[in-house]
Amino acid sequence: MSAPLPKRIIKETERLQSEPVPGISAIPHEENVRYFDVKVEGPGGSCYEGGVFDLELFLPDDYPMCPPRIRFLTRIYHPNIDRLGRICLDVLKNNWSPALQIRTILLSIQALLGAPNPEDPLNEAVAKQWKENQAEAIKTAREWTQQYAMKK
Amino acid sequence: MSVLYALAAERQLEAAAAEAKAAQTAHQVLPTEDEALMSSRGEHAVENSTPVALAAHEDARSLIRLIQSEIVAKQMSVAVDTTTLVQEQVRWDECVSGEPVADKACSQTLPGGRLVATYALAAKGDLYRESEVRYEVSGDAQKALDVSILHEVLEATQSQVECQVCYGLMLDPVTTFCGHTLCRKCLTRTLDHSLHCPVCRRGLGLPPSLIGQPSNKTLVDLLNALCPDAVALRFAAAREEEAGGPGELNTPLFVCSLGFPNMPVFLRIFEPRYRLMLRRSLESNREFGMLMYNRYGEPQGDLGSVHFYQYGTMLHIDNHQLLADGTSLIESRGAYRFRVRAHGIHDGYAVGNVERLDDVPTTEEERLEASETSGPPVPDWDVVGQLDRMSTQALLDLGRSFIERMRGRSANWLQQRVLDIHGQPPTDPALFPFWFASVLPISDEEKYKLLPTRTVRARLKIIAGWIRRIESQRCATSQLPPRARVTMRPEAEIEGEGETEDETDAEEVEFTPTSSART
Ligand SMILES: [Zn+2]
Ligand SMILES: [Zn+2]
């Protein structure tokens, strides 16, 4: 048995639908409205441009006191995202604040795609490549985007 | 500020009685919060210059500006033929003071209903803040105008008074040093997790649980006046939210360790979710249910394999001490036993629907004793049968004499400090086993067997079994398992359910697709 949905989650969900963020969508599951299917478009000008990345997002019981849990489902070549799709992003960990929201988190993730940070890596191998041969890394990222993030 | 009182009062425009009062308060504050009107005749010194006061002021100010712009916009569109005569009144205390007042009073016919006209008069600087006003309203058009302005103002202000944590109307708002305002409860919960402002991340420097922190009085008054119905609704909703989880899941549950009726339990609460649970418990009946963590995942009746044992003890908080770091020390005592019928999660902690568990009536207990003791003699090897033949008093004496013997041997689990905490062994056979279990250094899983019992005899026989086993081991008294000491420590430092959330080490991502999967 789960607790009634906090008003905040209801409002956030409504606003995500009524004022959608360009390039981002988050749709709650019908049977569990704390669980969202998320799609994030790779930012223009980045090596992820043209790709549409699937993520899953879950609002834990003590959301918004605790951050949403979120990970990439689509494979992505990025120094701050590991092979299980986990994301190294401060606002998802220690820098979370209850004044942040799903919208701001997804925007942060989109921004992370536009600005990979190999100095704070989650995926050591990718970060190493990124630092040693950036051109090659970007090429790989583009290939992966082509291969995994462009359906049809 | 009291333009808002006026606005609120205007909602009852139909009620003639309200009119006089509305007129009285309508303009008192209209100019005061308004920078543009700083030149009007009233005194506008900011009375309070501390940062908090300023921040609080600022908060209300943005709201006032919003209201202003709404009114000004309306003012522009008002047809010239809709007018109200606004007449400044001489107040009785001004008369008493003997000051010449005749030239102060003014009376003007201005466009708009009462709100717009009063606003215009104040804007021109022709109105004392303290003055009283009389209106001569020319017709229904003005009333309709007032009503529609009120409506628009309410709409416009809605987003300004929404809390950034709960997205609801700010309830008992508190303003931080950095000037951000949130519901008291929302800010308190934020403090459980972080010492930084959720909006700007500046250090908050606020006392834990916001004890003694004043509310933003200005905003409270404003909201109460502006939208009393919405405030009342919000209060009711908050109360319901506090009450517990869905439906009947109204008992907070602390999955932690064992407790027994009548026995003290000392806890230190530091996990954020339990701080919240504790605050809510203190605000209601000071009780919460304590359940033992089901570390081996043993099935629990209808509940299946849950992370706690289904029988627990309701604890009543006798004393509570909030420490500077936000953690709490609590002294509680077991009130009664219960069984969990259903459970769920509420704001991160467990909640349940519980059924109180009491012993059978005394007559039933006596009947049981009579029937068990009157059976035919049993052979020596039949240990269970032997116990059945013993009277309840004899079973109690068996326990008490064991304690006496152990004391004689200076067993360290019966040291003075243990007795100071748990008291002397009770003479009541119903309670003795709970006391016994509280001091005896054996496993909690074994002690737990006392909780589901419905008869005094059943409990006494369980402890008789323990005694027999202990005595059959030779140096049982001097060698204590190390974990037993935890039970006897006056303040067991307990951190929730012993779950660790170590995401980074896990090879597989732990992801809970449904929150109900756990329940
Ligand atoms: Zn709030
Ligand atoms: Zn702040």
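Residues are numbered from 1 along each chain as its sequence is written, while chains are lettered from A and ligands numbered from 1 in the order in which they are written. Because the model is predicted, local features need pLDDT of at least 70 and side-chain atom pairs count only at pLDDT 80 or more, whereas totals for chains, interfaces and linings use all residues; side-chain values use heavy atoms, with hydrogens and water left out.

**Exercise 1.** Describe the secondary structure of chain A and state how compact the chain is.

*Solution.* Begin with the elements, where helices (H or I, at least four residues) and strands (E, at least two) are DSSP runs numbered from the N terminus. Chain A has 4 helices and 4 strands, and read from the N terminus their order is α-β-β-β-β-α-α-α. Next, take the radius of gyration, computed over C-alpha atoms, and the globule rule, which is 2.2 Å times the number of residues to the power 0.38. For chain A the radius is 16 Å, close to the 15 Å that the rule gives for 152 residues, so the chain is as compact as a globular protein of that length.

**Exercise 2.** Determine whether A:Asn123 is buried or exposed, and find which residues it touches.

*Solution.* First locate A:Asn123, which lies in the loop between helix H2 (102-114) and helix H3 (124-132) of chain A. Then apply the cut-offs: buried means under 20% relative accessible area, exposed over 50%, and partly exposed in between (1.4 Å probe, protein chains only). With a relative accessible area of 16%, A:Asn123 is buried. Finally, with contact meaning heavy atoms within 4.5 Å, A:Asn123 touches A:His78, A:Pro79, A:Ile81, A:Asp82 and A:Arg83, residues up to four places away in sequence not being counted.

**Exercise 3.** Carry out the analysis for B:Pro452.

*Solution.* B:Pro452 is found in the loop between helix H16 (444-447) and helix H17 (456-472) of chain B. Its relative accessible area of 26% makes B:Pro452 partly exposed. Leaving out residues up to four places away in sequence, B:Pro452 touches B:Tyr311, B:Arg337 and B:Leu357.
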